[in-house]
Amino acid sequence: DISNIAVKALYSNQQVNNLKFDIVHSDLFDSIPAKKFEVVIINPPYYKHTPKLDAEYAWYFGEKLEYFQKLFAQIHNFLATDAAIWMVLSEDCDIKGIIKLAEENNFSMKLIAKKSYLLELNFIFSIKLN
């Protein structure tokens, strides 16, 4: 996670629940050790605005979809053959713009589920490398 607050919460939850998993403070894949993942689940920020404070990175992906530009540029190097990638997006995202970026980076996105939660419609996409 990019947020120091989220990383600290993960460490705390890991200890409280007696779990063992790797926690990495990273801006997407910048600080992730080189490895291939078989499953990647992405819960990105949902709103088109430039984050200025640490806490805003949880909500804002940049005016020009900077989060998704970086995601699709980096993720190729971390995928095992036939990796499963799922991403949840809100109706408030620029879904068409995100799909276009995916296609420009040789990925295809397929809607596999949608669900309303409170007043927001969320979508789950399966992402495949073409």
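**Packing of helices H2 and H3**

Helix H2 crosses helix H3 in a right-handed sense, meaning that the near helix is turned clockwise from the far one by less than a right angle. The model is a predicted one, in which local features need pLDDT of at least 70, side-chain atom pairs count only at pLDDT 80 or more, and totals for chains, interfaces and linings use all residues. Residues are numbered from 1 along each chain as its sequence is written, and side-chain values use heavy atoms, with hydrogens and water left out.

H2 spans residues 66-74 and H3 residues 95-104; their axes lie 9 Å apart at an angle of about 25°. H2 is therefore roughly parallel to H3 (angles under 35 degrees count as such). Phe68, Gln69 and Phe72 of H2 meet Ile98, Leu101 and Ala102 of H3 in this contact (heavy atoms within 4.5 Å). Five of the contact residues are nonpolar, one is polar and none is charged.

**The four-stranded sheet**

The open sheet has four strands in the order S1-S2-S4-S3, with mixed pairing (two strands pair if DSSP finds at least two bridges between them). Because S1 and S3 stand at the edges with a single partner strand each, one side of each is left without a neighbour in the sheet. On average, neighbouring strands are turned by 15° against each other, direction ignored.

S1 and S2 pair in the parallel sense over five bridges, and valine 40 stands opposite isoleucine 85 in S2. Strands S3 (residues 107-117) and S4 (residues 120-129) run antiparallel and are joined by ten bridges; leucine 111 has phenylalanine 125 in S4 as its bridge partner. The two strands form a hairpin with two residues between them, and leucine 118 in the turn has a positive phi of about 55°.

**Helices on the sheet and buried residues**

H2 packs on the sheet and touches S1, S2, S3 and S4, its direction making about 170° with that of S2. H3 also packs on the sheet, where it touches S2, S3 and S4; its direction makes about 155° with that of S3.

Tyr67, Phe68, Leu71, Phe72 and Gln74 are the buried residues of H2 (under 20% relative accessible area, with a 1.4 Å probe and protein chains only). Their cover includes S1, S2, H3, S3 and S4.

Asparagine 122 is found in strand S4 and counts as buried because its relative accessibility is 15%. Leaving aside neighbours within four places in sequence, its contacts include Tyr46, Val88, Leu89, Ser90 and Tyr117.

Technical notes: Axes are lines fitted to C-alpha atoms, for helices over the stretch in contact, and angles run from 0 to 180 degrees between N-to-C directions. Angles under 35 degrees count as roughly parallel, over 145 as roughly antiparallel, 65 to 115 as roughly perpendicular and the rest as oblique. Ala, Val, Leu, Ile, Met, Phe, Trp, Tyr, Cys and Pro count as nonpolar, Asp, Glu, Lys and Arg as charged, and the others, Gly among them, as polar. Buried means under 20% relative accessible area, exposed over 50%, partly exposed in between (1.4 Å probe, protein chains only).
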